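I opened the model to look up a few side-chain contacts and backbone angles. My entries follow in the order in which I made them.

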Amino acid sequence: MMQAHRIGVLRSQDAVQLAAAYASGPEASQRCTETICMTVATDFATVRFSTDDLPEEDRIPMWREHYGYTVLGVEIEPAEDALFQSSIVSRHLPGLNLVLGNLSAARVKRTREFLADGNDDVALLVNYTAAAVIAAGEREVVLRERDAVLIRSDEVTTFERFVSGRSLLLRIPRPILSPLVNDIDEVSLSHISGKIDALKLLTSYTVTLLDDNALTAPALARLAVSHIHDLVALALGATRDAAGAAQDGGVRAARLSAAKTYIMQNSGRRDLSVGTVAAHLGVSARYVQMLFEVDGTTFSAFLLNQRLMHAHRMLCAPRSRRRPVSSIAYDVGFGDLSYFNRSFRNFYGLTPRDIREAAAEEPANP
C-alpha cells in the first residue's frame with residue numbers, strides 16, 4: 001500500500017498508464033504511481049481524480065488503492081446495482097486538507113483497521129447535493145443539502161449515499177481546531193444546519209481555494225487556511241476570543257471574496273451598485289465599502305476594472321471583431337462611451353481600437 005503522504009494526480013493519459021500497470025501487478029502499479037504522484041507537503045497544487053478516465057473494471061480497485069487508502073484512509077462498498085463513478089478535486093495546504101467530490105451510491109467506511117494509522121484529525125463534512133447518512137457508534141445523522149457534520153478520524157465512521165451526490169470535506173488537525181471551539185467532542189457528529197451564516201460563508205470561500213491559480217504563495221496559503229479555521233470554528237460554536245478574531249479574519253475575507261465573485265458575475269449590469277452587492281450579502285453598504293478599503297481599493301475601482309478587463313477580452317476575441325466598440329462598452333456595463341474610452345486608455349495605455357488591431361495581427365494558435 002502506498003504511503004499516506006502521497007496523492008495520485010490522474011490526468012487522462014496518466015489514468016490509462018496506471019490502469020495498464022495495475023493490471024500487470026502491484027509492483028508495476030507502484031512504479032507507475034510514483035511517476036504520476038506528487039508530495040503534497042511541498043506543493044499546494046490542486047489534484048484531480050476521475051473514474052471517467054478509467055476502464056469500468058478498474059474503477060473501484062484504483063479508487064481504493066490510489067485514493068481511498070492513501071488520501072482518506074477509508075474502505076468503500078459501491079452499490080451493486082449502479083455504475084461506480086467518482087470525481088474528486090483535492091488540495092493539501094498547511095493545516096488543512098480540502099476534498100470536493102462527486103460519488104455514486106456507495107458506503108464509505110473508516111474501519112478499525114484504518115484507525116491504526118494514529119490520525120486524530122477532525123473533518124467537517126458538508127453535503128452539497130442529495131441526502132446522505134453518517135454514523136459512528138450508536139449515533140446517526142441524516143444530512144440534507146448544504147447540511148454539515150463534524151467527524152473524527154479516531155473513531156469508526158460510516159458515510160452512505162443511496163444516490164449520486166456531491167460533498168465537501170475539510171480536514172483539520174485536532175490540536176489546531178480544538179482551542180477555537182467551545183467543546184469539540186460535544187459537537188462531534190452533531191447536525192449543523194445549512195442555513196447557518198458561518199457555514200454559508202465557509203462553503204463559498206472554500207471553493208475559491210480549489211482554483212489552480214489561487215494561493216501559489218506560501219504566505220497567502222497560510223492566511224487563507226487561518227480564515228478557514230475561523231469559519232469552521234464559528235460554524236461549530238467558537239469560543240468568545242475565537243469568534244471575535246474571526247470577525248476581522250475569516251468572516252471579513254469570506255465576505256470580500258463573496259462580494260468580488262458577485263461583482264465579477266454581474267459586472268455587465270448597469271444598475272450594479274454597492275447597495276446591490278450589500279443586499280446580496282445581507283450587510284450594509286458601508287460594510288461593503290469597508291471591505292474594499294481594507295483590501296486597498298474601492299468598490300467603484302474594482303467594478304471599473306472588471307468591466308474594462310471584460311471589454312479587453314471581447315475586443316481580442318475573433319467572434320467580436322466586427323462588433324462596434326460602443327456595443328462592447330454598453331454590453332460590459334458602461335453607459336457613457338466617452339467615459340469608457342477615457343477609462344480604457346488610462347488602464348491599458350492604449351485605445352480600444354489599438355487593442356483590437358493588435359489582436360487581429362497576432363497569428364492564430366495552431
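I began with Arg307, which is found in helix 13 (residues 299-316); helices (H or I, at least four residues) and strands (E, at least two) are DSSP runs, numbered from the N terminus. The model is a predicted one, where local features need pLDDT of at least 70, side-chain atom pairs count only at pLDDT 80 or more, and totals for chains, interfaces and linings use all residues. Residues are numbered from 1 along each chain as its sequence is written, and side-chain values use heavy atoms, with hydrogens and water left out.

I checked the cover on Arg307 and noted it as buried, because its relative accessible area is 10%. Buried means under 20% relative accessible area, exposed over 50%, and partly exposed in between (1.4 Å probe, protein chains only). I also noted that Arg307 and Phe334 are 7.8 Å apart in space, C-alpha to C-alpha, and 27 residues apart in sequence.

**Salt bridges**

I took a salt bridge as a side-chain nitrogen of Lys or Arg within 4 Å of a carboxyl oxygen of Asp or Glu. By this rule I have 14 salt bridges.

I looked up Glu75 and found a salt bridge with Arg64, with 2.8 Å between the closest N and O atoms. The pair links distant parts of the chain, 11 residues apart: Glu75 is in strand 4 (residues 75-78) and Arg64 in helix 3 (residues 56-72). Glu75 counts as partly exposed at 24% relative accessibility, and Arg64 is partly exposed at 25%.

My next pair was Arg107 and Glu77, whose side chains meet in a salt bridge at 3.2 Å, N to O. Arg107 lies in strand 7 (residues 106-110) and Glu77 in strand 4, so this pair ties together parts that are 30 residues apart in sequence. I have Arg107 as partly exposed at 30% relative accessibility and Glu77 as partly exposed at 44%.

I then went to Arg171 and Asp121, where the salt bridge is 3.5 Å, N to O. Arg171 sits in strand 13 (residues 165-172) and Asp121 in the loop between helix 4 (112-115) and strand 8 (122-129), which puts the two 50 residues apart in distant parts of the chain. Are these two partners buried or exposed? Arg171 is buried, with a relative accessible area of 14%, and Asp121 is buried at 15%. I also logged one network, in which salt bridges that share partners join Arg152, Asp154, Arg174 and Asp185.

**Backbone angles**

Most residues other than glycine have a negative phi. I therefore listed Ala130, because it is buried at 16% relative accessibility and has a positive phi near 65°. Ala130 is found in the loop between strand 8 and strand 9.

I also listed Arg146, which is not a glycine but has a positive phi of about 80°. Arg146 has its place in the loop between strand 10 and strand 11 (148-152), and it is partly exposed, with a relative accessible area of 43%.

**Strands 9 and 10**

I followed strand 9 (residues 132-136) and strand 10 (residues 139-143), which run antiparallel and are joined by 5 bridges; two strands pair if DSSP finds at least two bridges between them. Opposite Ala135 I found Glu140 in strand 10. The hairpin has 2 residues between the strands, and Gly137 there takes a positive phi near 60°.
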